[in-house]
Each structure stands twice: as structure tokens, then as C-alpha cells.
Amino acid sequence: MSFSVLFYVQHLLGIGHLQRCLRISEALVREGVAVTLVCGGEPVALPRDRSVRLVQLTPIRALDARFELVDSAGRPIDDALREERRAALLEAFAAARPDAVIIEGFPFARRAFRFELEPLIAAVRAATPRPRLLCSVRDIVVVRDDPQRHRDIVERVRRDFDAVLVHGDPGLIRLDASFPAAPEIADRVIYTGYVCPPAASLDAAALTGGDEVVVSAGGGAAGHALLEAALAARRSGCLARHPWRFFAGTNLPEAAFAALREDLPPGVAVERFCYNFVGLLRGCRVSVSQAGYNTVLDIVAAQARAVLVPFAAGRETEQPMRAERLAALGAAELVRENDLSAQSLGAAIERAAAREPARLAIDTGGAAHAARLIAAMKRPG
């Protein structure tokens, strides 16, 4: 392989950031690129191409939706952990000798990780020849509504980054919708399309299940209320003649997972994870979920009837914006998090079950497109 990439990703609550970066990394491998994926979150046992070299930093996660950073044992992070990670990241950079470095989120997000990202960016700038430096972001970014913060991001992009890869379709949602200063970096912004699994794997996703109500909570760290409300709706008789299957996610605490599985009604199953989620959605009656990037793309790929309950804690605007857009297009029923109850969710599920599935024409070739763009880049010197 004559071209190499170092890809940095830090997931905190869910696993969506990691899944998206894995899909892009695997597409890069198919383009003949050597990829080192540096992961800063908790290890997750996801299927992956073993050609992608994985470097696991000492994990940092978010304690809860307030995004307090802690280590694997739940202790606040300290300077010793910061220094350990910083050294490991720079060592990975030196070992990879990459032609391009991709940082997921920053400078739009992950500011709390500047302790290791600033040294990485400095190493990129000091290298001869200098690698390309790219920012990778989903369709919607979450940035505080502060003009100075916006100016800081624009200045950082213009000073240090060669491109901002936006993994979305401007025909559905433009970066400007979540970042008003986007026109000031328009010459750096490249829309790649949405990052879905490869078309071959989607085509091979065998239709499973049968007319089920499928309730999923992504990674699970922020979806407990949704799972409880959906189970209460089922206990109250919502679509009781249909089987229900719940996916609690890998990050839901074990005690909460065990509580969900107690005294389940007939025809209801609660599981951790599904490796053929698109196939399951293809055969479902209704999908009930939050509105994370990967989950919504799975719903669109499966053309499933959907109810979306977007995560909206704190300043989170990403999922509400995406869910509102899909609801406006008639592709989903929307239940806002602060309106969530067994009654409101049950009513939305019954409305969704009675409608025809919607079809959206959006660009879902983002992984392959991003890989081709990156593989074609030359070092600026």
C-alpha cells in the first residue's frame, strides 16, 4: 500500500461515531489505503475488517448525558491519563507516517480533547512532507450558539485543515443548518453523502423477523427512558398482536438491562445487540428508536415505518434537527423527548403502523466517496 491514513475517533455515549469511522476506514482499505484507526472510547466488539490497524487509547467515556468525562472505572480523568493518551497518540502518528490525518469531530466538537489533539495537529504541521489534515463530521454538528465560538472554528479550519468532509447530503440537510458560519469555509467543505454499510452488505441483509415492532436504543447509554416507555406502551396493549423485540444497546448498565427483562409479556424479547439490523427492519411493522445518524440511515435503507424519539438532553440539537426533517418529509412519526410517555409513544406507534413506508432519495454512498477523495489526495509538501 503506497498511501496511509491515521484516523482519530473518540466516542463518548453511543457507538455511532465509531461505526461511521469504521465504515470509512474499511472503504479506504478497499481503495488500497493503509489505515490506522485510533480509538479513544470504550472498546466495542463490532465486526470489522482486520486490515484496519486499531490502536486503542486508554478509554475515556461520558459518565452520562451531561458529558462528564471519566475513565473505565468511572473516575474523573486526571493529568496522568491525559499524558498517557497524548504520548500514545503521538506514538501512533510516528509509527503510521501517514499521508493524511483525519480527526473526527474537531474543531466543531471534542474540545475537551484538545490536550491530545493540539499536539497531534502540531506534529502534522511539523512533519516534512506535511500530511493532509482533514476533519470528518456527520451531517449535523452541535456547536454552542456563540459568535466567538463560530469564529474560532472558522479560524482553526482555515489555518490547519485542508478539508472538512461532511458525511451528509446537502439535498436533505446542509451544514449551514447547524453551523451558520459554514459559508466562511465553503471552499473547504466537501459533502460525501451519508455513510452507510456497503451496498453489497445491505443487499445481503437477509429479511428476518416477521411483522415485529423493533425498539432500539443505539449504544444504550442515553436510551433507557425510550425503552421503558415502549415497554409500558406494549403492556398497555399497543400492537399487542405483533411480536416486539427490544435492543437495549451495549452501553446500558447491566442492572437496567436485567430490570427490562423481568416479567415480559408473551411475544416480547429484550436483547443487547443485532448484527443484522437492516434485515430485521426490512421485515418489521414499525421501528421505534432515537434519531442517531446510523440508526436513521438503517431505517431509510430498510424503508421501514418509523417512530423517532430524538435524544435532546442538554444542548443536544443534532437528533431533534434530523428527526424534524424526516417528519416534515413524511418519513417518520416524531415524539419529542420531553413529551415521551407510554401514551404518546403508543399513539405514534399505531399511527406509524397504519401508514405506508416512505422512500427517501438521498446519497448514501458516503463511505466509498470519502475513501476515493482521500486516496486521491497528495501531500501539500
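F113 counts as buried because its relative accessibility is 1%, buried meaning under 20% relative accessible area (1.4 Å probe, protein chains only). The model is predicted, so local features need pLDDT of at least 70 and side-chain atom pairs count only at pLDDT 80 or more, while totals for chains, interfaces and linings use all residues. Residues are numbered from 1 along each chain as its sequence is written, and side-chain values use heavy atoms, with hydrogens and water left out.

F113 sits in the loop between strand 6 (100–104) and helix 3; helices (H or I, at least four residues) and strands (E, at least two) are DSSP runs, numbered from the N terminus. Leaving out residues up to four places away in sequence, F113 touches Y8, Q10, L12, I60, L69 and R85, a contact being heavy atoms within 4.5 Å.

Helix 4 comes next, covering residues 147–160. Its buried residues are R149, H150, I153, V154, R156, V157 and D160. Seen down the helix axis, these fall within an arc of 165 degrees, so they line one face of helix 4; the arc is that of the directions from the axis to the C-beta atoms. Packing partners of the buried residues are helix 3 (114–126), strand 7 (132–138) and strand 8 (163–167).

Finally, R23 belongs to helix 1 (residues 16–30).

Notes
The expected span of a helix is 1.5 Å times one less than its number of residues. Buried means under 20% relative accessible area, exposed over 50%, partly exposed in between (1.4 Å probe, protein chains only).
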